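Work through the exercises below with the sequence and the model at hand. Try each task before reading its solution.

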Amino acid sequence: MIDLKSNFIGIVTPNPFWLASAPPTDKAYNINRAFEAGWGGVMWKTLGEAGPPVVNVSGPRYGAWHGKDRSLMGFNNIELITDRSLDINLEEIRQVKKDWPDRGVVVSLMVPCEEQAWKDILMQVEDTGADGIELNFGCPHGMSERGMGAAVGQVPEYVEMVAAWCKQYSQMPVIVKLTPNITDIRTSARAAVRGGADAVSMINTINSVMGVDIDTMRMSPTIGEQGAHGGYCGPAVKPIAMHMVSEVARDAECGGIPISAIGGISTWRDTAEFMALGATNVQVCTAVMTHGFSIVEDMIDGLSRCLADKNMTCLEDLIGAAVPSVTDWSQLNLNYVVKAEIDQDLCIKCGRCYIVCEDTSHQAISTLINGARGFEVIDKECVGCNLCVNVCPVENCISLRELKPGEIDERTGMPVSSEYRNWTQHPNNPMNAGG
Amino acid sequence: MNTTKSNAKGQTDIATARLSEQQCHENFSDLHQPFNSYGALVEADRCYYCYDAPCQTACPTGINVPSFIRMISQHNAHGAAGKILQENIMGGTCARACPVETLCEQACVRNHEEDGPVRIGLLQRYATDKASQDQVEFFTRAQSTGYSVAVVGAGPAGLACAHRLAVLGHDVLVYEAQAKAGGLNEYGLAAYKMVDDFAQREVDMILAIGGIDIKYGVRIGTDLSLADLQVKHDAVFIGSGLGQSRSLGLADEAAQGVEIAVDYIHDLRQAEQLSDLPVGRRVVVIGGGMTAIDIAAQSKLLGAQKVTIVYRRGQEHMNASDHEQSFALQHGIRIVFWAQPEKLLVQGKILTGIEFASTQGDNFTLQADVVFKAIGQMLVPLDSGLTLQGNRIQVDAQQRSSIAGVWAGGDCIAGGDDLAVSAVQDGKVAAQSIHHSLTANQSPSTQPNQPSQP
């Protein structure tokens, strides 16, 4: 078994599995249970400034999108930051850090965009012995209407400014949590870098409406007669989060700033994927809100075995391993040719590949083999789009075969070239006029 | 039926109330637990929605299975029922009684995977039951054409034909020999497949279309001739089934204890109290089809101690599917292959046993209080001039008989497979053919509507 010791901007934890700032990290009781279960660190649920605590709704705070078997695919919430008093939270943070010195305790913060407000809370948090702070610039509901959360994260200048205050008024590592509700995540990440942030975490939740009750003609869930949009998370957002993590990981201006990944991470495999795309550690929320804290057991065991299988000796071997494989479309090799191939021994003859190719793609699958019902790829039409592979219910039944250089592509009638040629080099590119 | 409990010497043992009525009732409860809505959703989600789906091809009535299952998965059970009934007006009975393991479910591509076929039969039942509970109506009758069609027999073929004709606007008069409609659905299928008087509920649903009248207690060939019907009506459909059971051809078949399986099941299905039925302690069933399995299982469930099915050929030749055979074995029924009945053992006109000649070993004798004959049925001769083929009515692909104006379908025709689902298809095809024939000379504008899309 490989040791999963994790070092995230100097915060050393026994593993890279953290709980995201959210209901599971609202108080010491939950966090003690999480640490007992084996979690490496927590982002304490966001604290606000001193004074009367925020007020949450007493109706549904959560909504879910289910698969047919009631598996939870997507989740959303309209819960605000902690609704407990600042003093109680600070006291519990102090005690938890004392009781669990080997685990990470980072405090999520959200106060108005005023220098004094940040100065005040930074002093109080630093005094607890917490390992760092995470600036909540991502929460997309409720607080954002009051000029905080995502309302800050959506303005790069504010991101830079507040990050700089935090670096100025505290010795603690500063992590900026980014909102996905923007056009290009790199703009916010670069602002955090300019402000001196030690790391970024992403993604916060996505603006969402979960559904409409067509009997009552009201969006759902509602608080009485009306509802409000919430923040979307869970397995369904993972591809969006992975894109954003990889964009920041390979952005020169971001300069390799450490990333704490968030977004639908439920398993050790999700973790391995996010870390390969450049994350240093991961934060989990929906998965524990679905199954409880004990899932970390499999995450630890599975990730450790995964590293061993890949002949890796530590997490650093995994972090960023797949980043070089991510590029822009313009850099893709247009001379690379594949054809779909159906393994007739595995094929169960459902015909799904045929009907989707016939109705929606390239008419590249036939329905008869020697006069009997059966499905075969027509190389002359196949563009290697992968749709048949994606809809086939049998794993590995349809695969894409790479044509070797010199082999004739029946679709174009041309031999496959061994030369790498992307769009910027392609004769059809109008920008290459005359070239 | 014979209700004598035992002969004077006590050598045979036929008794009522072998089990309490309550126990009988439990034994004859639903064979398969129906899906609840959640179970149906999960099962429906297993369907791959195949292109040119093999399950649809395998269905004698051509129900668009992937389509109705997708509707179930989208919480549209009523739409699903409409899809089913559009092709098979007896979709409810077929969902209960079809040998799906040799039809749609055998064809399911999921058989290539570990978890087996999509349970199409149970999904079909879920949808049709839901629509029935919610009293959804799927068909409206076209404007009356003024044509009158005679249908002989209110079984699956006859009622399917009558319903389609009524939808198309024709008036239908059904001639039924029994006191109730439904045919084998009412009188022949095993009781645990058709609980809660389902056959009659389905008949009521079919007749609700209007335009169908039934004359009960009228037997064609006895009370009325085919020629009479041709005079009275514009077309005739014969769906009279097979009325005459084959005999063993042995001496003493009239002895007490020698029974015809379908007659016993007929009585069983109509019994007010199952515990009132006389049941032999030792029961021997001769035959290898579904009726043999049904009578054997039902005897066991009524309290028979020892039930043996004896079939003249091998296991692989049985008409009863592997599934049905294993159902029988699970109920403690023994199946003996490659043996033919040679002699009924009778003392004072009361059966005591039966001797068999085995083609694969020694001859043997089984003691028996009851021997059930389940070796098939034959057409009751109509003396009508219809051309027969292998003793059944010859028809073409449109179900037309050799006599112009006379169509036939169901078990009474040659080439049938003795399944309710095939009978429904015959009736449906015949109705369409009759409709074309009756309206062929009308201009298109006066032609009645096609069946409305449910």
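The model is predicted, so local features need pLDDT of at least 70 and side-chain atom pairs count only at pLDDT 80 or more, while totals for chains, interfaces and linings use all residues. Residues are numbered from 1 along each chain as its sequence is written, with chains lettered from A and ligands numbered from 1 in the order in which they are written.

**Exercise 1. Describe chain A as a whole.**

Solution. Start with the secondary structure: chain A has 13 helices and 22 strands. Helices (H or I, at least four residues) and strands (E, at least two) are DSSP runs, numbered from the N terminus. Next, take the extent: a box of roughly 75 × 55 × 50 Å along the principal axes holds the C-alpha atoms of chain A. Then turn to burial, where 42% of the 435 residues of chain A count as buried. A residue is buried if 20 or more other C-beta atoms lie within 10 Å of its own, exposed if 12 or fewer, and partly exposed in between, with C-beta atoms placed from the backbone. Finally, consider the domains: chain A is divided into domain 1 (6-325) and domain 2 (330-432), with bounds from an automatic or database domain assignment. The centres of these two domains of chain A, taken over C-alpha atoms, are 41 Å apart.

**Exercise 2. Is A:Lys97 buried, exposed or partly exposed? Find its surroundings as well.**

Solution. Locate the residue: A:Lys97 belongs to helix H2 (residues 86-99) of chain A. Now count neighbours: A:Lys97 is partly exposed because it has 18 C-beta neighbours inside 10 Å. Last, list contacts, leaving aside neighbours within four places in sequence: A:Lys97 is in contact with A:Val105, A:Thr128, A:Gly129 and A:Ala130. Two residues are in contact if their C-beta atoms, placed from the backbone, lie within 7 Å.

**Exercise 3. Which residues of H3(A) are buried, and how are they arranged?**

Solution. Helix H3 (residues 115-126) of chain A has 12 residues and spans 16 Å from its first C-alpha to its last, close to the 16 Å expected at 1.5 Å a residue. The expected span is 1.5 Å times one less than the number of residues. The buried residues of H3(A) are A:Trp118, A:Ile121, A:Leu122 and A:Val125. Seen down the axis of H3(A), they fall within an arc of 110°, so they line one face of the helix; the arc is that of the directions from the helix axis to the C-beta atoms. A:Gln116 and A:Met123 are exposed on the other side of H3(A). To finish, name the partners: the buried residues of H3(A) pack against strand S4 (41-47), strand S7 (104-109), strand S8 (132-136) and helix H5 (156-169) of chain A.

**Exercise 4. How many residues does each chain give to the contact between chain A and chain B?**

Solution. The contact takes 12 residues from chain A and 11 residues from chain B. On the side of chain A that touches chain B, helix H12 (residues 352-360) of chain A gives the largest share, 3 residues. By class, that side of chain A has 5 nonpolar, 2 polar and 5 charged residues. Ala, Val, Leu, Ile, Met, Phe, Trp, Tyr, Cys and Pro count as nonpolar, Asp, Glu, Lys and Arg as charged, and the others, Gly among them, as polar.

**Exercise 5. Is B:Ile309 buried or exposed? Give its contacts.**

Solution. B:Ile309 is placed in strand S10 (residues 306-310) of chain B. B:Ile309 is buried because 27 other C-beta atoms lie within 10 Å. Not counting residues up to four places away in sequence, B:Ile309 touches B:Val285, B:Ala292, B:Ala296, B:Ala328, B:Ile333, B:Ile335 and B:Val336.

**Exercise 6. In which sense do strands S13 and S14 of chain B pair?**

Solution. Strand S13 (residues 350-358) of chain B and strand S14 (residues 364-367) of chain B pair in the antiparallel sense over 4 bridges. Two strands pair if DSSP finds at least two bridges between them. B:Phe356 has B:Phe364 in S14(B) as its bridge partner. S13(B) and S14(B) form a hairpin, with 5 residues between them.
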